[in-house]
Amino acid sequence: MSRPDGTVAFVTGATRGIGLAIVQQLAREGYFVVGSATTAEGAERLTQTLADKGLGVVMRLQDQGSIDGAFAAMANGPGTPLVLVNNAGITRDNVMLRMREEQWLDVIDTNVNGLYRVTKPALRSMLKARWGRIVNVSSVVARMGNPGQSNYVSSKAAIEGFTRSLAHELASRNITVNAVAPGFVDTDMTGELTDDQTAAMLARVPLGRMASPQDIASAVAFLAGDGAGYITGETLHVNGGLGMF
Ligand SMILES: NC(=O)c1ccc[n+]([C@@H]2O[C@H](COP(=O)([O-])OP(=O)(O)OC[C@H]3O[C@@H](n4cnc5c(N)ncnc54)[C@H](OP(=O)(O)O)[C@@H]3O)[C@@H](O)[C@H]2O)c1
């Protein structure tokens, strides 16, 4: 069964980096795209960027009220989403010995509890339509591990387990649930690395370059599209060969 006409796609964390590339790709592919920002200014910017192909809403993963508000805005506007891309995520890096409880809890609450808070309200309309696509953005480090990121790596490993469990639960309703695991992507998140750190990291990437946000958006759009209808519970690695598992 192919994508229903007028399908709304909801992408979290769409103001910049990977999320912005995803909303632009999905808009080009004919979805009506709703992207989230943490601020009203960010949401307004998205609405202007997407023009008649989508809009921005305010939503913070730690705040269920703001998530409910975003879903209400979709229900009262373009309609509830049949495609959900759980892209937003944060890092709070520190080695374990120095990691403050607040750093641990921030990442787990945002990246893992936030996944629960956003995905649950998205399910009703997908179950009713007997069609849906959920794509969760993980990371190569979920498999590789990474020093200084035990909180973030734990959250990404949880996302991949969540993906497989939900894929089992929803398969009979023709809803697929997959993950995309990027390697190093040229965004604000990696912009904090020093030149030496970037060079050391690139030396480990067989393709010899960082991913562009578009490289990741193409994989997400594939998993959301008709060509991926028989793929579920899978994690698609997009890492230039950094992790050949
Ligand atoms: N960059 C990489 O190398 C890389 C590698 C592997 C995986 N990833 C994953 O890819 C995803 C996107 O990464 P990115 O590099 O594009 O990130 P980014 O450039 O840091 O952008 C983060 C996005 O998430 C939003 N956001 C931040 N905190 C949020 C919160 N508490 N609630 C809701 N939205 C929030 C931001 O909105 P505002 O602009 O309003 O703050 C922004 O739109 C993340 O899940 C990340 O873990 C990234």
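Which residues are buried in α1?

Reply: This is a predicted model, in which local features need pLDDT of at least 70 and side-chain atom pairs count only at pLDDT 80 or more, while totals for chains, interfaces and linings use all residues. Residues are numbered from 1 along each chain as its sequence is written, and side-chain values use heavy atoms, with hydrogens and water left out.

In α1, the buried residues (under 20% relative accessible area) are Ile18, Gly19, Ala21, Ile22, Val23, Gln25, Leu26 and Ala27. They pack against the strands β1 (8–11), β2 (32–37), β4 (83–86) and β6 (175–182), and against α2 and α9 (213–224); helices here are DSSP runs of H or I with at least four residues, and strands are runs of E with at least two, numbered from the N terminus.

Helix α1 itself has 12 residues and reaches 17 Å from its first C-alpha to its last, close to the 16 Å expected at 1.5 Å a residue. Just after α1, Gly30 takes a positive phi of about 95°.

The axes of α1 (residues 17–28) and α2 (residues 40–50) come within 11 Å and cross at roughly 30°. That crossing makes α1 roughly parallel to α2, a term for angles under 35 degrees. Contact between them, meaning heavy atoms within 4.5 Å, joins Leu20, Val23, Gln24 and Ala27 of α1 to Leu46, Thr49 and Leu50 of α2.

Conventions: Axes fitted to C-alpha atoms, helices over the stretch in contact; angles between N-to-C directions. Parallel < 35°, antiparallel > 145°, perpendicular 65-115°, else oblique. Expected span 1.5 Å × (residues − 1). Buried < 20%, exposed > 50% of the residue type's maximum accessible area, 1.4 Å probe, protein only.
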